[in-house]
Amino acid sequence: FRFKKLLPDAEFHFTGDLDGESPENLYDLAQYYYGRKNKEKFLFFLEKASGKEHPEAMVEYGKYFLMSKNDKAKSFPLFKKAADKGNTRGEFFAGSALLYGIGTEKNLPQAVELLRKAAEKNNPAAQYHLGICYRDGIGVSRDQYEAFQWFKKAAENNDPHAQFQLAGFYENGTAGEKDPVQAYQWYSRAKDAASGNIPLLCEIHYHLGRCLEYGIGVKKDPA
């Protein structure tokens with residue numbers, strides 16, 4: 001049969017022969033059914049595309065197992081296969097799995113290696129987690145300046161967690177001179193970017209309140 005893909009003005013053909021179908025078409029079918037909220041068919045075609053080692057399909061299928069209660073261990077092999085194909089999201093998810101021991105055993109050197117690969121490809125989540133590694137000395141020597149650089153890259157890519165960390169670095173002068181104005185600006189940007197993340201928003205609002213109360217980087221307004 002023939003139908004429109006989710007992407008505008010694009011079409012593709014499905015022959016009905018799953019064994020002979022391309023990984024790209026199988027993944028497109030998964031997307032098609034995801035868009036129509038048909039979970040059963042979405043997972044069916046996602047599994048088929050993943051079985052043919054479509055990198056994005058492997059990442060998405062891995063995320064499905066990652067969110068499950070009992071099948072998290074099935075996620076890591078999928079992330080790692082995608083990473084081995086140079087997929088940036090696969091590198092991030094495999095790296096974070098190794099960093100925190102989710103679905104696999106912890107392996108900090110390998111985690112940092114994979115996170116670095118994704119971070120160097122401008123993946124903001126990987127940049128943030130790599131910053132955490134340098135901040136806390138996880139799998140690498142502790143280096144606050146290097147942590148600051150990765151937080152800054154992720155913050156500029158609109159990662160709210162990184163923006164919050166960067167604000168703290170500027171407020172406390174963790175990696176150099178204090179800059180309260182930059183601190184307040186980054187707390188403000190983090191608030192805008194963290195929409196829906198209630199725990200993070202609570203922390204951000206607390207620090208913004210402190211800035212206003214004590215005049216940190218902004219005109220003092222204790223009210």
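Which side chains meet in a salt bridge at 2.8 Å, N to O? Select Lys 80 and Asp 84. A salt bridge puts a side-chain nitrogen of Lys or Arg within 4 Å of a carboxyl oxygen of Asp or Glu.

First, some ground rules. This is a predicted model, where local features need pLDDT of at least 70, side-chain atom pairs count only at pLDDT 80 or more, and totals for chains, interfaces and linings use all residues. Residues are numbered from 1 along each chain as its sequence is written, and side-chain values use heavy atoms, leaving out hydrogens and water.

Stay on helix 4 (residues 75-84). Helices are DSSP runs (H or I, at least four residues), numbered from the N terminus. Lys 80 and Asp 84 are four residues apart there, so about one helical turn separates them. Asp 84 is exposed, at 55% relative accessible area (buried is under 20%, exposed over 50%, partly exposed in between; 1.4 Å probe, protein chains only).

Next, go to helix 8 (residues 144-156). Lys 152 and Glu 156 form a salt bridge at 2.7 Å, N to O. Lys 152 is partly exposed at 25%, and Glu 156 is partly exposed at 47%.

Now select Glu 91 in helix 5 (residues 88-100). Glu 91 is buried, at 3% relative accessibility.

Move to Lys 191 and Asp 192. Their side chains meet in a salt bridge (3.4 Å, N to O). Then pick Glu 56, Glu 60, Lys 63 and Arg 89: salt bridges with shared partners join them into one network.

Methods: Helices (H or I, at least four residues) and strands (E, at least two) are DSSP runs, numbered from the N terminus.
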